[in-house]
Each structure stands twice: as structure tokens, then as C-alpha cells.
Amino acid sequence: MTEFLAAHWLDIVTTVLGLAYILLEYRASVWMWLVGFLMQVLGIVLYYQKGLYADCGMEFYYLAMTVYGYWRWVRVDHGDGSEDPVFDENGITQNRPHDLAIRHFPRRLVLPWMLLIGAVWAVIYWLLVTFTNSNVPLADSFTTALSIVGIWALAHKYLEQWFIWIAVDVVTSALYFYKDIPFKASLYALYVVIAIAGFMKWRRIMEGDRRS
């Protein structure tokens, strides 16, 4: 048991943090960005050890996006006389409508971002095949490319970001089981269920904001 925990402690800790992260995201709580930052720092070490080099490199992008996402969610335009954001015990801003509202992904961005995903996927795949010993370059590069858009869409509170994460979570769960990261693999399987529930939760919040 001790040997098992010693071999999988990073997997276990990042799994616990990941569960906290997705539950906070479900609630549209700003604290998800702080939990995510710690999770990604540890994830860099875990993915490097497991040879998931695209995922490892992606964590550095995630780190930058957690800072950007936090700023996007809490920033207030002081030019309109609004106050600094006030949070309740769940980390949800209370001074609406000044905080960033949930909204739809702009249609004008769908095609450009799809082309970007395809281009990034191809480049990362080539890098993995050419410069690493990765034995899962297709799946690793796919989830990485799609996640680039997913975290950006989350930072802007676009409702459709949940669809992106459902696709990422399905592929990642299978990939991590294959790479012997069982705890995080199970977590990503759970992510699929939570992402579906999260989409419905965010849609209710968005509709409620429109009626208020």
C-alpha cells in the first residue's frame, strides 16, 4: 500500500484538486482559478513523468490562463462607478451586473477557432512524433489543441465551453487509463457527467440573468 501511494501520490493529489476544480466550475465560482493554479503546477511534474509531453507543455499555458481567467471574471470597469467585486462564501461575485456574465460563444469565432484547433493539432502531433518518444501522439495532441480553446472559452464565460470539455474529457479518460494514471482517468470520466450537468446549470444561470 505504501509503495502504491508513493508511486501514485501526484495522481491522487491532482485528482482531488481536479474534483474540487470541476465542482467550483459547475457553480461558476471564481475560486476554481486558484485551485486550478495549484493543480496545474503539480500536473507539470506528473505529465512529464508519464511521458505526456503535450499535456505537460499545456500546463504552462493553463497557468497563464488561470491568471487571465481570474482577472476576466473579477475585473470591474471602474469608469462606470462600480465597486470592486464582493464574493459570497462560495466565491461567487455578488455585485452583478458588473461581474462577467455567462454568454454564448460568438458565431463569428467558430470557424477561425476550428481552423486554429486543426492547425495546432497538426503542429503538436508533428512535434511529438519528431522530437519525443510519445506512443500516443494523436490523442495527446488532440486533447491539447482542443483544450487551448476550452480554457480560453472558460475564461470568457462562454456557455458552449462545456461542449469542448466533454470531448476533451472523453478522450483524456481513455488516454489516462492507457497510460496507467487510473485516478485521474476516473476523474475525467466523472468530468463528462459533471460537464453535462454544468452546461444545464450555466444555462439556467444565464437565463436567470436575462430575466433579472
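Me: In which helix is the place of Thr 172?

Reply: Thr 172 sits in helix α6 of what is a predicted model.

Me: Why is Thr 172 called buried?

Reply: The relative accessible area of Thr 172 is 4%. Buried means under 20%, so Thr 172, at 4%, is buried.

Me: Which residues does Thr 172 touch, not counting residues up to four places away in sequence?

Reply: Thr 172 touches Thr 143 and Tyr 188. Tyr 188 is also among the residues that lie nearest the centre of the largest cavity.

Me: What is the volume of the largest cavity, and how many cavities of 30 Å³ or more does the structure hold?

Reply: The volume of the largest cavity is about 370 Å³. There are two cavities of 30 Å³ or more in the structure.

Me: What makes this space a cavity and not a pocket?

Reply: In a cavity a 1.4 Å probe fits but cannot get out, whereas a pocket is an open set of points.

Me: Which residues lie nearest the centre of the largest cavity, and how many line it?

Reply: The lining has 25 residues, and those nearest the centre are Met 39, Tyr 62, Trp 165, Tyr 188 and Tyr 191. Two or more lining residues come from each of α1 (2-26), α2 (32-50), α3 (53-74), α5, α6 and α7 (182-211). The helix that gives the most is α6, with five residues.

Me: How do the residues of that lining divide into nonpolar, polar and charged?

Reply: The lining of the largest cavity has 13 nonpolar, seven polar and five charged residues. Tyr counts as nonpolar under the classes used.

Me: What about the largest pocket: how much space lies in it, and which residues line it?

Reply: The space in the largest pocket is about 170 Å³. Its lining consists of Phe 105, Leu 109, Val 110, Trp 113, Met 114, Ile 117, Leu 146, Val 149, Glu 160, Phe 163 and Ile 164. Helices α4 (110-131), α5 (137-155) and α6 (161-178) each give two or more residues to this lining. The largest share, four residues, is that of α4.

Me: How do the residues of the pocket lining divide by class?

Reply: Ten are nonpolar, none is polar and one is charged. Glu counts as charged, and Glu 160 is in the lining.

Me: At what angle do α4 and α5 pack, and how far apart are their axes?

Reply: The angle is about 140 degrees and the axes are 8 Å apart. The crossing of α4 and α5 is right-handed.

Me: Which residues make the contact of α4 and α5?

Reply: On α4 they are Trp 113, Ile 117, Val 120, Trp 121, Ile 124, Tyr 125, Leu 128 and Val 129. On α5 they are Pro 137, Leu 138, Asp 140, Ser 141, Phe 142, Thr 144, Ala 145, Leu 146, Ile 148, Val 149 and Trp 152. By class, the contact has 16 nonpolar, two polar and one charged residues.

Me: Why does Cys 56 count as buried?

Reply: Cys 56 has 8% relative accessibility. The limit for buried is under 20%, and therefore Cys 56 counts as buried. Cys 56 is found in helix α3.

Me: Which residues is Cys 56 in contact with, leaving aside its neighbours within four places in sequence?

Reply: Cys 56 is in contact with Ile 44, Tyr 47 and Tyr 48. Ile 44 is twelve residues from Cys 56 along the chain, and their C-alpha atoms are separated by 4.9 Å.

Me: Why is Lys 157 called buried, and where does Lys 157 lie?

Reply: Lys 157 has a relative accessible area of 3%, so it is buried by the under 20% limit. Lys 157 lies in the loop between α5 and α6. Its phi is positive, about 60 degrees, although Lys 157 is not a glycine.

Me: How many helices and strands are there in the protein?

Reply: The protein has seven helices and zero strands. Of its 212 residues, 49% count as buried. Among contacts with a separation of 6 or more, 68% are between residues 24 or more positions apart.

Definitions and conventions: Residues are numbered from 1 along each chain as its sequence is written. This is a predicted model: local features need pLDDT of at least 70, side-chain atom pairs count only at pLDDT 80 or more; totals for chains, interfaces and linings use all residues. Side-chain values use heavy atoms; hydrogens and water are left out. On a 1 Å grid over the protein atoms alone, a cavity is a set of points where a 1.4 Å probe fits but cannot get out, and a pocket is an open set with protein on both sides within 12 Å along at least five of seven lines; lining residues have an atom within 4 Å of a point. Grid points are joined across faces, edges and corners, and a volume is the space filled by probe spheres set on the points. Axes are lines fitted to C-alpha atoms, for helices over the stretch in contact, and angles run from 0 to 180 degrees between N-to-C directions. A crossing is left-handed if the near helix is turned anticlockwise from the far one by less than a right angle, and right-handed if clockwise. Contact means heavy atoms within 4.5 Å. Buried means under 20% relative accessible area, exposed over 50%, partly exposed in between (1.4 Å probe, protein chains only).
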